[in-house]
Amino acid sequence: MPALAAPVADERDALRQFLHLHQTAFLAVSYGLTDAQARSTPTVSALSIGGLVKHATGVQHGWVRRARHAPAPPPADDRPMAERVAEYHDEYVMRDDETLDQLLQALTAQNAETLSLLDHVDLDTPVPVPRDAPWFPRDVQFWSVRWVFHHLIGELGRHAGHADIIRESIDGATMYELVAAAEGWPETDWLTPWRPGSAVQHQA
């Protein structure tokens with residue numbers, strides 16, 4: 001998992017590298033956690049690391065589906081609204097019957113699917129703006145696939161920041177320490193890789 005995006009060659013490569021950077025941030029921030037820690041909500045927020053991993057997976061799935069079907073809309077979801085709303089809220093919660101390993105496997109698979117689409121899709125393809133949520137604009141008819149991938153970079157970056165704060169509240173670990181541990185970086189005067197038990201453990 002990278003600590004910084006790799007050098008970029010062109011627009012598509014830039015989208016890929018920065019998307020990959022934010023995708024792998026969720027793997028780093030989860031590094032070394034138990035299921036109980038990943039499920040915990042140690043801040044005033046209701047969010048957990050596990051819930052954010054689920055959302056990072058779900059938000060990519062939804063937007064990739066829209067980009068893949070563009071310029072047509074994706075197939076309609078004919079389920080009752082209550083069922084759809086319940087699924088939306090569940091996306092932010094790590095349930096007792098879920099494990100962190102399962103959630104990370106799903107995220108890794110979705111990360112690969114997202115990047116695979118980016119490798120060949122026409123970035124100028126129009127993407128119809130949905131009308132089924134209040135945050136979608138009423139005065140815009142289409143985005144582009146390019147817009148979709150920029151939106152995903154922003155969305156994942158925002159939630160990776162949430163995850164950073166939650167992880168630090170759990171055991172004091174910060175992103176570079178976790179990346180260093182996961183990648184096997186040597187200890188330096190600047191940075192000590194995270195180790196189990198190396199920080200104060202906070203209970204939710």
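Mentor: The model is predicted. Start with α1 and α3, whose axes come within 10 Å and cross at roughly 160°.

Trainee: Why is α1 called roughly antiparallel to α3?

Mentor: Angles over 145 degrees count as roughly antiparallel. The axes cross at roughly 160°, so α1 is roughly antiparallel to α3. The crossing is left-handed.

Trainee: Which residues of α1 and α3 make the contact?

Mentor: From α1 they are Gln-23, Phe-26 and Val-29, and from α3 they are Ile-49, Leu-52, Val-53, Ala-56 and Gln-60. By class, the contact of α1 with α3 has six nonpolar, two polar and no charged residues.

Trainee: What makes α3 and α5 roughly parallel to each other?

Mentor: Helix α5 covers residues 100-120, and its axis comes within 9 Å of that of α3, crossing at roughly 30°. Angles under 35 degrees count as roughly parallel, and α3 and α5 are therefore given that label. This crossing, too, is left-handed.

Trainee: Which residues of α3 and α5 make the contact?

Mentor: On the α3 side they include Gly-50, Val-53, Lys-54, His-61 and Arg-68, and on the α5 side Leu-103, Gln-110, Glu-113 and Leu-117 are among them. The contact of α3 with α5 divides into nine nonpolar, seven polar and three charged residues.

Trainee: How do you know that α1 is roughly perpendicular to α7?

Mentor: The two helices pack at an angle of about 85°, with their axes 9 Å apart. The range for roughly perpendicular is 65 to 115 degrees, which means that α1 is roughly perpendicular to α7. Ala-25, Ala-28 and Val-29 of α1 make the contact with Met-175, Leu-178 and Val-179 of α7. By class, that contact has six nonpolar, no polar and no charged residues.

Trainee: What is the omega of the peptide bond from Ala-70 to Pro-71, and is the bond cis or trans?

Mentor: Omega is near 10°, and the bond is cis. Pro-71 lies in the loop between α3 and α4. Most peptide bonds are trans.

Trainee: What is the volume of the second largest pocket?

Mentor: The volume is about 160 Å³. Of the 13 residues that line the second largest pocket, Pro-2, Ala-3, Leu-21, Ala-25 and Met-175 are the closest to its centre. The elements giving two or more residues to this lining are α1 (11-29) and α7 (175-183), and α1 supplies the largest share, five residues.

Trainee: How does the lining of the second largest pocket divide by class?

Mentor: The lining has ten nonpolar, two polar and one charged residues. Ala-25 and Met-175, which are among the closest to the centre of the second largest pocket, are also part of the contact between α1 and α7.

Key:
Residues are numbered from 1 along each chain as its sequence is written. This is a predicted model: local features need pLDDT of at least 70, side-chain atom pairs count only at pLDDT 80 or more; totals for chains, interfaces and linings use all residues. Side-chain values use heavy atoms; hydrogens and water are left out. On a 1 Å grid over the protein atoms alone, a cavity is a set of points where a 1.4 Å probe fits but cannot get out, and a pocket is an open set with protein on both sides within 12 Å along at least five of seven lines; lining residues have an atom within 4 Å of a point. Grid points are joined across faces, edges and corners, and a volume is the space filled by probe spheres set on the points. Helices (H or I, at least four residues) and strands (E, at least two) are DSSP runs, numbered from the N terminus. Ala, Val, Leu, Ile, Met, Phe, Trp, Tyr, Cys and Pro count as nonpolar, Asp, Glu, Lys and Arg as charged, and the others, Gly among them, as polar. Axes are lines fitted to C-alpha atoms, for helices over the stretch in contact, and angles run from 0 to 180 degrees between N-to-C directions. A crossing is left-handed if the near helix is turned anticlockwise from the far one by less than a right angle, and right-handed if clockwise. Contact means heavy atoms within 4.5 Å.
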